[in-house]
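Please look over the structure shown here.

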Amino acid sequence: MLEFCDAGILEVPVFKKQPCVNYSSDRPDTSSEKEMSEDRTLWGILNDMRLKEELCDVVLRVDEVEFKAHKIILCARSPYFRRWSSSDQTVYTITNVSPVIMELIIHYIYTQDIRVTTDNVQALLVMANYLLMQDLVHSCYDFLKAHLSPENCLGIWQYANTHSFSELQDQAYAYMLHHFEDVVRSPLSKFLELNVEQLGGILERDELNVKQEKTAFRAIIKWIEHEPDIRMRHIVNLLLKVRLALIDQEYVLENIKIHPLLSSSLECQAIITRTMKTMFYINRVGHNNGCPDPLARPRLPYSILFAISGFSDASPTNIVETYNSKMDSWMCISSREERARAFHGTVFLDGFVYIVGGVDIKEFFNTVSKFNPLDGTWNEVAPMNSRRCFVSVAMLDGYIYAMGGFDGKDWLNTAERYQPSTNQWSLIPSMHEVRSDASATPLLGKIYICGGYNGYGCLFTAECFDPRYDQWTQIKPMHIQRSGVSVIALNNQVFAIGGFDGAHHLQSVEAYNPCTMSWRMAASMFYKRSNFGVEVMDGRLYVVGGYSSEGTTCNCEYYDEESDDWFHIQDMNIFRSALSCCVISGLSNVTDYTIAYDDLL
C-alpha cells in the first residue's frame, strides 16, 4: 500500500518485478561537451550547498521532517513554487506527501536525476503533477507505459482515471484492448472488479483485440459467474455487445444457446435466434461486408499486413496494399515513396518500415527508404555499401541485415547490417555461398538464409549467421532447389516456400527444425509461385502474389500449421510479383489502413 497526496490510500496495481530506471529531464542543447559538464558541475555544487544548508532561505516541512532549500532554485524548476517568489515567508508546510517522496523530488529539482521504481512511481506522479513539474510527470508516464502488463493495466487505467491523467489513462486502456485475452486470463488482473458500464464499454469497442469472438462471450460468463446474484441481470445487455454472428454456428448452437445462464432467458434466446438469421444471410451472400446487423460487425484488426511495391504490368510499382484479416479485404494506400522498386526487402523496426535495395527499370539500388505508418511519410536513410537487387533482408536484435543479391554486374555473397541509432551500415562476414534471389528469416537468435541463385544454377543449400560469434555455418540442404523462394519462421521452424527449381515454379513447402537439424515436407500451396510476399500474422503464414508459368498473380492464401492446411483469402487489388511484406501491430491509426466497415453498408 502507498500513501498518495490528496488521494488517501490507493491499492498499487500489480507489477512484475523490474529494475528501477533513472530518468533525467531534457536539458537545453549546449554548444560543447565542456559546457554540458560545467552545467552538471554547477547543479552539483548547488545541491551540495543544499545538503550543507549553505545560503538556504526556505524550509519545506513535511510531517516532522524539514528540508532546507534555495527559493530561487525551487521557483526555477516548479511553477507551483514560483508563486512564492514575492513572499517573505520562509517556512512552508506541504501535506499529503511522504518525506521520502519529497526528498526524491527535491533531489530531482537540483540534479535533474531521479530513481523511479515500481514502488514510488505513482506517488511521484501525483506529486509531480501537483507541483506542475511536467518533465517529471512525463518521466513517470514513460515508466508506467513501459511496465504495462496484463496484470496491472486495468489498475493503472483506474488509477489514471482517479487522478485525471488522461494520457496515461488512454495508454493503459489501449494496452488493455490490445491484450484483452491475456487480461481476462490473468488471475492478478482487475478484470473481475470491472463494473457493468466499464465491461460493456470494452466489449463494444471495435478495437477490442480477440482472435475469436467467442472470447468476448466467455469473458462475459466469467464476469457474471464471479457474482451471479448481482450480475445476472446484466447478461442481456452485455450479450448484445458481442459480435455473435462472427462466431461459428456450431459453437453458438452447442455452447451459447444451451448455456445454463442463457437457456432459461427468453430475451437471450431471442438474441440467439436473431444471430442465426444473420448467419444465414452471411452464408447466402458469402461475406458479411455490408450486413447492417451490429452482431455481425467486424472488429478492427490488431495487426495489418502490408504488401509493398514489386513488379506489376511488367514494370516496378510503388503501390502499397494493406490486408485486413477481420474483413478479408485489401486496400490500396497512396505511396509517396520517391521510387518504384522490385526485388527489394522489407522489415518493420521500432515503428518504421524499412525498404531495402531492389531495382527499377534502369538502376540497381543501394538506397534504403523509411516509412512512418503514423503520418504516412517516407524518408531516405543511409545507403548500403553495395547495390543489392534480389536481396535477402531480415531483422534481428534491433539490426537490419542485408545479404547477397545482384549489384548489376556480380552475384554477391557479401552481407552487411544497419544500426538505426547510428544510421550506419557495417559489413559482416560474407556467406559461404553466393546467393541472389534467396530469402532469410530470424529464428532463436540466428539468421537463416536458404536457396537462391549463384549465377549458374538454383541452390538447395542453406546457412545461418550467429551474431554472437560473428560467423556463418552451413546447415543441412533443403530437399529441393529453390530460387525466388520465400523463407519465414513459424513456431520455431524455418519454412521454405515455393520458388523456382530451374525448370518449374514450385508449390511445395518444407520446414527446418534447428533442434533436429532436419527438413520435413509440409502441405503444398494451392498455387505454384516464386518471388512472392510472405509474412506471419496472428499465428498464420500468409503468401501473397508472385510469379508462375502463367504470369504475375494477385492470388493470396494462408497456412495453418496445426492443421497442416492452406486456405484461400481475398486476392490483392493488383497483380504483382517481386514484392515484399511486413506486419504492423497496434497502430493507433489502424483505420487509415482498413476499409471502413460503415462505408460498406
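## Basis of the model

This is a predicted model, in which local features need pLDDT of at least 70, side-chain atom pairs count only at pLDDT 80 or more, and totals for chains, interfaces and linings use all residues. Residues are numbered from 1 along each chain as its sequence is written, and side-chain values use heavy atoms, with hydrogens and water left out.

## The whole chain

The protein chain has 16 helices and 33 strands. These are DSSP runs, numbered from the N terminus: helices are H or I with at least four residues, strands E with at least two. The C-alpha atoms fill a box of roughly 90 × 75 × 45 Å along the principal axes.

Of the 601 residues, 52% count as buried (under 20% relative accessible area, with a 1.4 Å probe and protein chains only). Take the contacts (heavy atoms within 4.5 Å) with a separation of 6 or more: residues 24 or more positions apart account for 58% of them.

## Helix H6 and its partners

Helix H5 (residues 121–130) packs on helix H6 (residues 134–146) at about 150°, with axes 8 Å apart. Axes are lines fitted to C-alpha atoms over the stretch in contact, and angles run from 0 to 180 degrees between N-to-C directions. H5 and H6 are therefore roughly antiparallel (over 145 degrees; under 35 counts as roughly parallel). H5 contributes Val121, Leu124, Leu125, Ala128 and Asn129 to the contact, while the H6 side includes Leu136, Val137, Cys140 and Phe143. The contact residues divide into ten nonpolar, two polar and no charged. Nonpolar covers Ala, Val, Leu, Ile, Met, Phe, Trp, Tyr, Cys and Pro; charged covers Asp, Glu, Lys and Arg; the others, Gly among them, are polar.

H6 also packs with helix H8 (residues 166–178), at about 10° and with axes 10 Å apart. H6 and H8 are therefore roughly parallel. His138, Tyr141, Leu144 and Lys145 of H6 meet Ser166, Glu167, Leu168 and Gln171 of H8. This contact has three nonpolar, three polar and two charged residues.

## Strand S31 and its neighbours

Strand S31 (residues 556–560) has four of its five residues buried, so it is largely enclosed by the rest of the structure. Four bridges join S31 to strand S28 (residues 540–544), and the two run antiparallel. Strands pair if DSSP finds at least two bridges between them. Val544 stands opposite Cys556 in S31.

S31 also pairs with strand S32 (residues 565–569), antiparallel and over five bridges. Here Tyr558 stands opposite Phe567. S31 and S32 form a hairpin with four residues between them, and Asp564 in the turn has a positive phi of about 55°.

Notes. Parallel < 35°, antiparallel > 145°, perpendicular 65-115°, else oblique. Buried < 20%, exposed > 50% of the residue type's maximum accessible area, 1.4 Å probe, protein only.
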